[in-house]
Amino acid sequence: MTIATIIEGHPAPLSVAPDNTIQNAAEIMSEHRIGFLLVLNADGSLFGVISERDIVHDVAVGGGDYAKRPVSGIATTAVKTCLPTDDPHDIFERMTAGKFRHMPVAQAGAIVGVISMSDLLRHFEKETSPAARAKAFQAFFSGDATPGG
């Protein structure tokens, strides 16, 4: 099983440009009931990512007219990506260690999707027995194991 198999059939990830406003990003997130957007340059290359947590943090510490500021000012630009051919268990470990819930999936320099922690947990739930799931979740919450095995 690969990341590509898990994200197959997912809709294309939503994005904003670096010069879009934080207000615009928040509106897109609200409209689509999501908490994460890619931030793409005009040529489609990855500038960064923005999450609902980034917006909340900016409102809390930035004050002022946050809604009119560009997302480029708060986007995470040191983005970790994975490949469609990566093993889900390896990506789960990377995401857990990095403490992030979404990871862009890149191939040949282009973003082809996004994998979420929820996607991975649903996948692990399908591939394991109830006892193995319980053990994996216990290990995850204690911070020291690979899920699903």
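Student: Is Glu 93 buried or exposed, or partly exposed?
Tutor: Glu 93 is partly exposed, because its relative accessible area is 35%, and buried means under 20%, exposed over 50% and partly exposed in between (1.4 Å probe, protein chains only). Bear in mind that this is a predicted model, where local features need pLDDT of at least 70, side-chain atom pairs count only at pLDDT 80 or more, and totals for chains, interfaces and linings use all residues. Residues are numbered from 1 along each chain as its sequence is written, and side-chain values use heavy atoms, with hydrogens and water left out.
Student: Which helix is Glu 93 found in?
Tutor: Glu 93 belongs to helix H4, residues 88–98. Helices (H or I, at least four residues) and strands (E, at least two) are DSSP runs, numbered from the N terminus.
Student: New topic, strands! In what order do the three strands of the open sheet come?
Tutor: The order is S1-S2-S3, with mixed pairing. Strands S1 (15–16) and S3 (46–51) are the edges, each pairing on one side only. Two strands pair if DSSP finds at least two bridges between them.
Student: How many bridges join S1 to S2?
Tutor: Two, and these strands run parallel. Ser 15 has Leu 38 in S2 as its bridge partner.
Student: What about S4 and S5, parallel or antiparallel?
Tutor: Antiparallel, over six bridges between S4 (residues 102–107) and S5 (residues 110–116). Pro 104 faces Val 114 in S5. Their hairpin has two residues between the strands, and Ala 108 there takes a positive phi near 55°.
Student: Where is Arg 33, and is it buried or exposed?
Tutor: Arg 33 sits in the loop between helix H2 (22–32) and S2. Arg 33 counts as exposed because its relative accessibility is 78%. Its phi is positive too, near 55°.
Student: And Lys 99, what is its phi?
Tutor: Lys 99 has a positive phi of about 60° although it is not a glycine. Its place is the loop between H4 and S4.
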